[in-house]
Amino acid sequence: KLILLDSLLQETYLRIRLLSSVVHRSGISLKKISSEMMRGILLFVCIGGALSFDCSDFHEDTCGLFGENLIEKLTTTSPAICQEYCYSRHPECNHFTHYQDTCWLLKTCDIIDRCDGCISGPYTPPLYTSCPWPPVPTTTTTTTTTTTTPLNCGVFKSESCELRLENIISFQHSKTLGECQDDCIKSAECKYFTWLRVDVQGSCWLLKNCEEYENCDLCVSGPEKPDVDTCVHN
């Protein structure tokens, strides 16, 4: 913003110098200019300076390079130097085109032709410092929608798994249903559990597998996931 303001102030200064030169050549005394007229002149100068260009006015094309539109053709490998040449020739120069090592100072950019590797734009705002080139891509925000997978509570059965010696990892009393599943999660071998209700708590078997079920109305059997307390309400 400070760079743009500095550019605007310099442009306004040049306009005031130009206006003073015109007034001097015309022989008009500044003392004879009324305060209303001076305010109008200053307003014109400020408004003229405020009608500046922005970064969207730079493009990968050529402006009209021939005829009355061409002010001067210079040699430089820097687009920024080319723009500075145009800036120094303003208000005569309003646009420039640069390609490789050639710089064209131009009055307008009414005619545009496609040119890969060219850069054309106005004398201000400053290239690179205020307007990156090539332009920085516009970032887009993508919204990620999180899909919640429904709980498969059907894996829990009101039955008992096989309670055979070779299938049992451990057995404990006085465990709630949730605690029984938590113990299974903590055990590297445990893939299933069977819990038998005894009052509020119950008996818990940690098991290697559950390939077959046995009838047990007071039992709950199932795997490590999902959370049994979410699926089964005692």
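Reader: How do strand 3 and strand 6 pair, and over how many bridges?

Author: In this predicted model, strand 3, which covers residues 95-99, pairs with strand 6 in the antiparallel sense over 4 bridges. Within strand 6, the residue that stands opposite T97 is S120.

Reader: And in what order do the strands of the open sheet run?

Author: The order is 2-4-3-6, with 4 strands forming the open sheet and antiparallel pairing. Strand 2 and strand 6 (119-122) each have a single partner strand because they stand at the edges, so one side of each is left without a neighbour in the sheet. On average, and with direction ignored, neighbouring strands are turned by 15 degrees against each other.

Reader: Which strands does helix 3 touch where it packs on the sheet?

Author: Helix 3 touches strand 2, strand 3, strand 4 and strand 6, and its direction makes about 155 degrees with that of strand 3.

Reader: Changing topic, how many residues are in the largest nonpolar core?

Author: That core has 14 residues, and those with the most contacts inside it include F58, C86, F96 and L127. Strand 2 (70-75), helix 3 (79-88) and strand 4 (102-106) are the elements that give two or more residues to it, and the largest share, 3 residues, comes from helix 3.

Reader: What is C93 in contact with, leaving aside its neighbours within four places in sequence?

Author: With those neighbours left aside, C93 is in contact with I71, C86, L105, L106 and Y123.

Conventions:
Residues numbered from 1 in each chain as written. Predicted model: local features only at pLDDT ≥ 70, side-chain atom pairs only at ≥ 80, totals over all residues. Heavy atoms only, no water. Core = buried A, V, L, I, M, F, W, Y, C linked by side-chain atoms within 4.5 Å. Buried < 20%, exposed > 50% of the residue type's maximum accessible area, 1.4 Å probe, protein only. Contact = heavy atoms within 4.5 Å. Pairing = 2+ DSSP bridges. Axes fitted to C-alpha atoms, helices over the stretch in contact; angles between N-to-C directions.
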